[in-house]
Each structure stands twice: as C-alpha cells, then as structure tokens.
Amino acid sequence: MSAGPGSPPMKPLARQIALLLALAAIPAGASALVCWKRGQWDAFIDHSVPLSEIVAASQPVLWVDARSKVEYAVAHIPGALLLNEDDWDDLLPKVLETWQPGNVVVVYCSSQSCHTSEEVAQRLSKEVGLPGVQFLRGGWEAWKGAHK
Amino acid sequence: MTDKLRALLAVLMGALFIYAGAAKVTDPARFFADIQNYDLLPWRAAVVAMAFYLPWLEIVCGVGMIFRRFRSGASLVLAGLLVVFIGALALAWARGLNISCGCFGGSSEHPRYFLWIGRDLALLAAALFAGSGGGKHLG
C-alpha cells in the first residue's frame, strides 16, 4: 500500500502510533502498581463462588435471581426469588421475609460476563446488612449446564 | 485558513481527551465497573487492563494532538478508540442495558445512547479532520 500525495508516509506513522501506545502503558502500569501497593486491588478481584462449592456446603441456600423480570419468568433456579436493581424497592421485602438466619444468600445473573449479581450481592451485604452474601460464578448458564 | 481551523480543532480535541482521561485515571475501580457494565469482555483481567490503560492512552493522545509532530498518529489512535466506543455504545443500546457511559468518569441516571453516539461520531469526524494533512513533518 503506497501513501498518496499529502497523506503521511506509512512507516513513520506506524512508528508514531506504536510510540503513543507504548507511552500510555508506562503510567498505566505505574498506576496499577500504586493501586496494588495501597491495597486497593480488592475491587478488581473476582469474588464469585463456583456452583460446586455452593452445592457442597451444608447450609441452606436462598437463591436470588438478579436478572430481568422477563428472564426470571422464562426459567429460574427452583425456589429463587427475583431481585434486580430496576425494581429493588418492590422486590426486596419478599427476599427479607424469606431470609432465615443461617441461610447462605447466593445471587446469580445470566452468565459469566454479566455483573448484576455482584452489584446486587454488594447491596444486600452493604446496604441491607445480610451476612455471607455470595454470587454465583457463571450465573444461570452455569446452573443450566450442571442440570442438563 | 483550513490549516488554522485544523490546528484549533486538534488543540480542542487534545484538551478534551486529556480531561476525559484525567477524570478516569483518578478512580480506576469506578472505570473498571463502568467497562464491566457493558458486558462485552468475559475476561476480567482484560477489563482490569483496560481500566488502567485506556485513560492514560486518552491523555497521551490528547497531548499528542496538541503537538503537531504527533498529531497524525494521535488522531488515528483516537479515531480508532472512538470507533470502539461507538460500537460498544451501539451494542449496549441494542441490548437495552441501563448503564453509565463511563466516558468522562461520573455517572448518569439514565442512559442517553443517542446523545453519546452522536457526540462520539462528531468527535470521530473532528479527529480525522484535525489529523489529516499533517504528514509533512513525518519521516
């Protein structure tokens, strides 16, 4: 491919782009290191719990479905209660009524790449104060895969 | 005249991207959550890397836009970034996600996809125009 008149020559342009991309990596790496040193890395760690670990535990589980109302209506884990951020105030009372001391609350969303379960679990833990709230790794897809 | 307009636009674009990067660089955990909400990358490590790298890339390219010597390369990188942002926003819109843009840090109560995509399209056109015809100093 040749450069036309007035357009930048390709090789120096590619070099310039590579330099900019590399330059950005230096402060980015330093900033990650600072974050690590200050002990602020927790926000980036995956705290989800695999299904095998939940099944192996002897405590009763209260499943909380953090997906949409429509997805919940199509199918959900038996006994799971719907609780998503869109209808938080309407749905929370049912969860609190059902929860018993000793229950392990496990929140799930649709798949590995969804993060609503993590957000709902955090709210249940920090705002509501429920103890030991966990969220399922792989979500509904992981459950479906294990129950084919 | 066109050269002056191009230079002015490049400086404005540079300032805008320095601001956008700086707004995110101070709170990588927040930007990490914003990227996660797009539900596009199943690999957490990639999202963490992007949360640290993208704001700095915006700052470096913003500075590059201000200096004529780096304008061509910086404008192409920014154009590439904007294409990715537009694609990510369009996908989120199509999937009906209720998320924050994450574009300038902070958060918005309701998604404004039409506005965000329109703004990014305008910035894409501006980046390409500002960076065009700047090859004389390369080499």
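## Confidence of the model

Chain B has an average pLDDT of 89, and 92% of its residues score at least 70. The structure described here is a predicted model. For chain A the average pLDDT is 88, with 93% of the residues at 70 or above. Where pLDDT is low, the predicted coordinates should not be read in detail.

Within chain A, confidence is lowest in helix α2 (residues 51-56) of chain A, where the mean is 89. It is highest in strand β2 (residues 81-82) of chain A, at 97. For the complex, the predictor gives an ipTM of 0.87 and a pTM of 0.72.

## Domains of chain A

Chain A is divided into two parts: domain 1 covers residues 10-43, and domain 2 covers residues 51-146. Taken over C-alpha atoms, the centres of domain 1 of chain A and domain 2 of chain A are separated by 37 Å.

## Helix packing within chain B

Two packed helices are described by the angle between their axes and the distance between the axes. In chain B, helix α2 (residues 28-37) and helix α3 (residues 44-66) have axes that come within 9 Å and cross at roughly 120°. The crossing of α2(B) past α3(B) is right-handed. On the side of α2(B), the contact is made by P28(B), F31(B), F32(B), I35(B) and Q36(B). On the side of α3(B), the residues are V47(B), V48(B), M50(B), A51(B), F52(B) and P55(B). By class, this contact of α2(B) with α3(B) has 10 nonpolar residues, one polar residue and no charged residues.

A second pair in chain B consists of α4(B) and helix α5 (residues 113-131), which pack at an angle of about 160° with their axes 9 Å apart. Because angles over 145 degrees count as roughly antiparallel, α4(B) is roughly antiparallel to α5(B). The crossing of α4(B) and α5(B) is left-handed. Their contact has 19 nonpolar, three polar and two charged residues.

## The contact between the chains

How many residues does the contact take from chain B and from chain A? Chain B gives 29 residues and chain A gives 27 residues. On the side of chain B that touches chain A, the elements that give two or more residues are α2, α3 and α4 (71-94) of chain B. The largest share of that side, nine residues, comes from α3(B). By class, the side of chain B that touches chain A has 17 nonpolar, 10 polar and two charged residues.

## A helix pair across the two chains

Helix α1 (residues 10-37) of chain A packs with α4(B) at an angle of about 65°, and their axes are 8 Å apart. Since angles of 65 to 115 degrees count as roughly perpendicular, α1(A) is roughly perpendicular to α4(B). In this pair, α1(A) passes α4(B) in a right-handed crossing.

Which residues make the contact of α1(A) with α4(B)? From α1(A) they are L13(A), Q16(A), I17(A), L20(A) and L21(A). From α4(B) they are S72(B), G73(B), A74(B), L76(B) and V77(B). By class, the contact of α1(A) with α4(B) has seven nonpolar, three polar and no charged residues.

Terms used:
Residues are numbered from 1 along each chain as its sequence is written. Chains are lettered from A and ligands numbered from 1 in the order in which they are written. This is a predicted model: local features need pLDDT of at least 70, side-chain atom pairs count only at pLDDT 80 or more; totals for chains, interfaces and linings use all residues. Axes are lines fitted to C-alpha atoms, for helices over the stretch in contact, and angles run from 0 to 180 degrees between N-to-C directions. Helices (H or I, at least four residues) and strands (E, at least two) are DSSP runs, numbered from the N terminus. A crossing is left-handed if the near helix is turned anticlockwise from the far one by less than a right angle, and right-handed if clockwise. Two residues are in contact if their C-beta atoms, placed from the backbone, lie within 7 Å. Ala, Val, Leu, Ile, Met, Phe, Trp, Tyr, Cys and Pro count as nonpolar, Asp, Glu, Lys and Arg as charged, and the others, Gly among them, as polar. Domain bounds come from an automatic or database domain assignment. pLDDT is the predictor's confidence in each residue, from 0 to 100. Angles under 35 degrees count as roughly parallel, over 145 as roughly antiparallel, 65 to 115 as roughly perpendicular and the rest as oblique.
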